[in-house]
Amino acid sequence: MRILAIESSCDETAAAVVEDGRTVLSSVVASQIETHQKYGGVVPELASREHMRAITPVVDEALARAGVGWKELDAVACTYGPGLLGSLLVGVTYAKAISMAHGLPLLAVNHLEGHIHAVVLEHPQTALPALALIVSGGHTHLYHVRENFAYEAISKTRDDAAGEAYDKVAKLLGYPYPGGPILDKLAPYGNARGVRFTRPHMTSGNALDFSFSGMKTAVLRWTEANAVEEEIAARRRVGGTATVEEWLAVTPAATLDLIASFQAAVIDELLSRIGKLVEAHAVESVIITGGVACNAGLRRAAAASRIGVPIYFPTPGLSTDNAAMIGAAAFRKLRAGDVAGLDLRARASLPL
Ligand code: KG4
Ligand code: ZN
């Protein structure tokens, strides 16, 4: 069974052809980073306009690379939430049009379920029940995934998402959007004990919730307490495509220590709950997925942690937003006969 999948929830226009939920025949991702970089973050209006421009060539390219014609497809799938409404609308409307024009069943996928299936796609041996940590620019969610992919939310962030914290801290320090990958590459050059980050304490509500805004504030205070205006200005003059060596040339040792300490604090915040929860829920595996799952420090720390069950990450190409993961999640829906109607609506907020 071949599914054409479309993903347009944020700033990536993506299409993929996936066979039987397992084999990725093609996966095309058009990034809008250049468009948003000069604003230091995603501008929703610009994102939807870019999706409109990119959607037809991206879908055509996915079909061409897969060597598959419309008649050889069994269904069309799209992300219908959560995400930017105007961006989601482009993918949902396009998928509906394809469904109608080619008589294909329409499958509606939750973006977060897609991120979880990015791991299942590559590691079919992932045993359930599992713990799934979704860490991206928009989400930091922890789920208990039971048999048959029944999801139960355990906790989420109270404020910023982990990727958002990376991007905001990078912006404060003068690095371009998206700052996560740059800080990750610089972190090994600093001393992770150089700057103290206090751990957030949840005094009310769900004690398992995450929080990252305190770390962002700590970095802001650090920039105020240290005379760093000149180095920040120097970094702002460097382009978005600079190499690690070029960033190192404009990043003094004290700033590298701050970056290393920030990264260690984020990783600790993400991983500290997992060991206890693995035991409490008797899960058989852990899934860590989403853009921040690309983080080399997080992967190293997860590998070194003695959690006792396998921890699965997607390969970097499937960690950030893509449509192959949507096609993989959609396959289960197709098999279950869980088909959407043409009245499907994009949903900016959509719980899993
Ligand atoms: O999953 P994704 O492509 O889009 C969302 O659904 O948000 O994630 C993008 C986010 C950005 O915030 C980016 O800075 C972050 O993932 N990211 C990283 C790394 N690579 C991407 N954060 C930390 N370390 C990385 N290596
Ligand atoms: Zn995502």
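Good morning. I shall begin with helix α8, whose buried residues are covered by elements that include α5, α7 (213–225), α9 (244–249) and α10 (253–271). Please bear in mind throughout that this is a predicted model.

Helix α8 spans residues 229–236, and its buried members are E231, I232, A234 and R235. Viewed down the axis of α8, these buried residues fall within an arc of 160°, so they line one face of the helix. On the other side of α8, residues E229, E230 and R236 are exposed.

Let me now turn to the overall division of the chain. The protein chain has two parts, domain 1 (2–116 + 319–336) and domain 2 (127–309). Between the C-alpha centres of domain 1 and domain 2 the distance is 27 Å. Domain 1 gives 16 residues to the contact, and domain 2 gives 21 residues.

Next, the largest pocket. Its space amounts to about 1,400 Å³. It is lined by 50 residues, and those closest to its centre are D11, G137, D167, Y177 and P178. Which domains supply the lining of the largest pocket? Domain 1 and domain 2 each contribute at least three residues to it. By class, the lining consists of 20 nonpolar, 20 polar and 10 charged residues. Several elements supply at least two lining residues each, namely β3 (23–31), α1 (33–37), α4 (111–122), β7 (140–146), α5 (162–172) and α6 (180–186). The largest share, six residues, comes from α5. Helix α5 was mentioned at the outset, among the elements covering the buried residues of α8.

Is S48 buried or exposed? With a relative accessibility of 14%, S48 counts as buried, because the cut-off for that class is under 20%. Leaving aside neighbours within four places in sequence, S48 is in contact with G86, S87 and V90.

The next topic is N295, which sits in the loop between β9 (285–289) and α12 (296–304). N295 is buried as well, its relative accessible area being 5%. When residues up to four places away in sequence are not counted, N295 touches Y166, D184, Q263 and I267.

I shall finish with the backbone. Where do cis peptide bonds occur? One joins G81 and P82, with omega about -15°. P82 lies in the loop between β4 (75–81) and α3 (85–102). Another cis peptide bond runs from L128 to P129, and there omega is near 0°. P129 is placed in the loop between α4 and β6 (130–135).

There are also positive phi values to report. F149 is not a glycine, yet its phi is positive at about 55°. This residue, F149, is found in the loop between β7 and β8 (150–156). F149 is buried, with a relative accessible area of 16%. A282, likewise a residue other than glycine, has a positive phi near 50°. A282 occupies the loop between α11 (274–280) and β9. Is A282 buried or exposed? A282 is exposed, with a relative accessible area of 53%.

Thank you for your attention.

Key. Residues are numbered from 1 along each chain as its sequence is written. Chains are lettered from A and ligands numbered from 1 in the order in which they are written. This is a predicted model: local features need pLDDT of at least 70, side-chain atom pairs count only at pLDDT 80 or more; totals for chains, interfaces and linings use all residues. Side-chain values use heavy atoms; hydrogens and water are left out. On a 1 Å grid over the protein atoms alone, a cavity is a set of points where a 1.4 Å probe fits but cannot get out, and a pocket is an open set with protein on both sides within 12 Å along at least five of seven lines; lining residues have an atom within 4 Å of a point. Grid points are joined across faces, edges and corners, and a volume is the space filled by probe spheres set on the points. Helices (H or I, at least four residues) and strands (E, at least two) are DSSP runs, numbered from the N terminus. Ala, Val, Leu, Ile, Met, Phe, Trp, Tyr, Cys and Pro count as nonpolar, Asp, Glu, Lys and Arg as charged, and the others, Gly among them, as polar. Domain bounds come from an automatic or database domain assignment. Buried means under 20% relative accessible area, exposed over 50%, partly exposed in between (1.4 Å probe, protein chains only). The arc is that of the directions from the helix axis to the C-beta atoms. Contact means heavy atoms within 4.5 Å.
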